[in-house]
Amino acid sequence: MSTAHEITSPRTVGSDRPVSVASSGTPRPWAADPYSDALAAGGGPLFLRRSDGWLLPLEVERWCARADAVDMKVLEHCEGAVLDVGCGPGRLVAELASRGLPALGIDVSEAAVARTVRLGGQALQRSVFEPLPAEGRWDTVLLIDGNIGIGGDPSALLRRMSQLLSHGGLLITETVPDGEVDERVTVHVVRLPAAADGSAGPLFPWARLGTPALLRLATNAGWRPGGQWTTGGRSFVALRNHADRSRSTTAEPPNSTAVISSQRDRNTSPDRVVADR
């Protein structure tokens, strides 16, 4: 495994030119995105909205806070160098960094990556389906806060996780706590009550899985169950990477062109790193 500096230093994991959030006065993509606005404000209310009007609250306030007792339980399971996929505003990466542990967050949201860095964590602005540092050598990968839904194709995401982890590496995934959930949906991020400008995020595919559904997919793909637990109303599954890497050798995304803040395709460079201001 690479050293912590080799994994997490912005000047080695991305481009050689870390970019400040405030480095340009010109409008950037997603400038009016309700998720980015919520991160800047530190809270919502924010929701995922399905075409039939179904709403899923997004816990922006919790994500923007420091790691809580449930998060700490997750971090107790982490081994070695940790990659947090869809790190959001960075509470888990920052907590690991405060303990002196090697950790890197990735997220396609510029606002999320910038906030992570301000908290003291290392983060890279990139999709999980783009080339990443230390592929095949991470000891632990996190898919927390519903991020098993990235891309709307959990099977494709699990294949990608296998590529990122070392053989026998640990994947920790948060699942839907209310049992037999196994759905693929198209949603967008909305702010309620609606903003005066009516802004909303673009439509994108998403998935929601309960523990039984995740375990079925994972075991069929060659993963070995490594434990499961529920605490504070949240559910988690640990999986060991024993999947056959030869089945998939490229980082191909699922059939989607837009994903939530935790891996939405962007027009920015895949090598862009957001550094502290």
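Helices (H or I, at least four residues) and strands (E, at least two) are DSSP runs, numbered from the N terminus. The model is predicted, so local features need pLDDT of at least 70 and side-chain atom pairs pLDDT 80 or more, while totals for chains, interfaces and linings use all residues. Residues are numbered from 1 along each chain as its sequence is written, and side-chain values use heavy atoms, leaving out hydrogens and water.

**Exercise 1.** Find the order of the strands in the open sheet of 4 strands.

*Solution.* 
- Step 1: Strands pair if DSSP finds at least two bridges between them.
- Step 2: The order is β3-β2-β9-β10, with antiparallel pairing.
- Step 3: β3 (55-58) and β10 (204-209) each have a single partner strand, so one side of each lacks a neighbour in the sheet.
- Step 4: β9 and β10 are joined by 6 bridges, and Glu183 faces Arg208 in β10.

**Exercise 2.** Work out which strands helix α9 lies across, and at what angle to β10 it runs.

*Solution.* 
- Step 1: Axes are lines fitted to C-alpha atoms, for helices over the stretch in contact (heavy atoms within 4.5 Å). Angles run from 0 to 180 degrees between N-to-C directions.
- Step 2: Helix α9 (residues 211-220) lies across β9 and β10, at about 100° to β10.

**Exercise 3.** Is Asn241 buried or exposed?

*Solution.* 
- Step 1: Buried means under 20% relative accessible area, exposed over 50%, partly exposed in between (1.4 Å probe, protein chains only).
- Step 2: Asn241 has a relative accessible area of 1%, so Asn241 is buried.
- Step 3: Among the residues that Asn241 touches are Leu165 and Trp223.

Terms used: Lists of a residue's contacts leave out its neighbours within four places in sequence.
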